[in-house]
Amino acid sequence: MSTAHILKMKNPSALHGHLISIMPAIEGRDVLIKPNLVVPADPKTGIVTDPEMVKAVIRAAREKGAGKIVVGESPGINVNFDEAITESGLKKAMKEENVEIVNLRDAGMREVDWEFGKIRLPVIAFNSYYINMTRMKTHMNTTVTLGLKNQKGLLTDADKRRFHAEWGLQSPIAQLALLIKPDLTIIDGIIAIEGDGPLYSGMPFEFGIVVVSDDVLAADVTAARAMGFDPEKITHIRIAKDLGIGDFDPEIKGEQLSSVRREFIPADEEKKKIFKLINWRNYHACSMCGESLGMTIHVMMKKPWLLLRYGPKLAYRVLVSGINFISGRHANVPECSGKVVCLGRCTRDIADEYELEWVPGCPPAPEEILKHL
């Protein structure tokens with residue numbers, strides 16, 4: 001039977017002390033720490049991994065005899081790697097710890113056969129003691145995004161697109177853990193996200209727990225239960241169970257589920273609605289495209305000239321005339337009032353067939369989306 005540790009804490013640095021009793025001796029092995037840095041964001045938003053927690057993991061790994069330690073991540077499709085590590089504070093933190101940060105897009109890759117043909121994975125993940133670090137978040141396509149889902153950050157941009165557009169998302173998330181499985185999974189719920197996660201449309205709040213396990217499925221089912229979800233009803237977790245990825249009913253140490261469980265508000269997997277503005281969900285759309293509208297509003301609020309130029313138009317669409325955004329392959333054209341705009345290259349054929357406005361890009365740039373308001 002696997003073990004999942006539920007740890008109550010408010011300070012990310014406190015994880016160091018807990019890991020000393022949880023982690024095995026590493027005995028000179030190189031270590032890969034894979035955080036969750038899908039977009040440039042402040043860790044206080046709950047969107048990305050807190051660099052203070054990464055520092056705590058590094059210090060614990062060193063005390064356990066780690067060899068070379070590397071932090072590696074491949075952020076969201078077309079996201080600038082340097083912007084992601086800078087805004088999160090990870091770049092500064094790793095300089096303080098004298099630890100290298102690797103863009104996994106540029107790392108050496110190994111092509112592997114799997115259920116869906118071929119996939120490329122970073123060699124460093126096979127050759128290291130691999131620590132998978134993620135945030136505890138709801139997700140508009142997968143109910144939750146935890147340890148299993150976080151492994152998408154090992155992939156090339158091309159394979160991330162295939163996960164959604166060609167391979168169906170849910171099964172590939174589970175199947176990936178047959179190819180490469182973390183030695184340790186850490187799910188950070190000190191600040192968690194509920195509602196329309198996993199990015200800017202979600203609602204962060206202080207949950208104050210961390211889940212740790214050497215079994216990625218055990219970590220995920222424990223975190224899902226702490227979030228008030230039935231893991232049997234979460235498709236990719238149920239598939240992972242059926243594949244024998246790990247333990248579906250692990251022993252719980254530390255805090256008990258009954259003392260920490262909270263009913264998270266789930267994402268609306270059909271649509272995100274703000275008055276008369278609707279962003280229609282589609283699991284064939286990757287998170288970067290599905291959340292491109294939320295990122296557009298985020299960028300506009302940070303750039304006064306964009307707010308002055310497009311703010312009144314956005315307000316008119318939201319309050320008066322209405323606007324609908326669709327994205328991803330096989331997107332449905334909604335029967336509704338208001339303008340319909342197709343986002344991203346996967347919707348080009350739909351835009352042509354129905355004579356709709358189309359915003360190019362993969363994902364579209366915020367400024368391009370704003371032009372279609």
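This is a predicted model: local features need pLDDT of at least 70, side-chain atom pairs count only at pLDDT 80 or more; totals for chains, interfaces and linings use all residues.
Local features need pLDDT of at least 70 and side-chain atom pairs count only at pLDDT 80 or more, while totals for chains, interfaces and linings use all residues. Residues are numbered from 1 along each chain as its sequence is written, and side-chain values use heavy atoms, with hydrogens and water left out.

The protein has 16 helices and 16 strands; helices (H or I, at least four residues) and strands (E, at least two) are DSSP runs numbered from the N terminus. Along the principal axes, its C-alpha atoms fill a box of roughly 60 × 45 × 40 Å. Of the 373 residues, 60% count as buried, where buried means under 20% relative accessible area, exposed over 50%, and partly exposed in between (1.4 Å probe, protein chains only). Among contacts (heavy atoms within 4.5 Å) between residues at least 6 apart in sequence, 71% join residues at least 24 apart.

Helix α10 (residues 235-242) has H236, I237 and A240 buried. These residues lie on the same side of α10 because they cover an arc of only 100° around the axis, the arc being that of the directions from the helix axis to the C-beta atoms. Their cover includes β8 (143-145), α6 (147-150), α8 (170-179) and α9 (216-226). After α10 comes G244, with a positive phi near 75°.

N141 counts as buried because its relative accessibility is 5%. Beyond its neighbours within four places in sequence, N141 is in contact with H164, L169, Q170, E269, N282, Y283 and A285.

On the surface, I274, F275, Y316, L319 and V320 form a nonpolar patch with about 520 Å² of accessible area together. Patches are made of residues with over 30% relative accessible area and no salt bridge; like charges are joined within 9 Å, and nonpolar side chains (Val, Leu, Ile, Met, Phe, Trp, Tyr) within 5 Å. A salt bridge is a side-chain nitrogen of Lys or Arg within 4 Å of a carboxyl oxygen of Asp or Glu. Helix α14 (residues 304-321) gives the patch its largest share, 3 residues. F275 sits in the loop between β12 (271-274) and β13 (277-280), and is exposed, with a relative accessible area of 60%.

Technical notes:
Accessible areas come from the Shrake-Rupley method with a 1.4 Å probe; for residues, only the protein chains shown count as cover.
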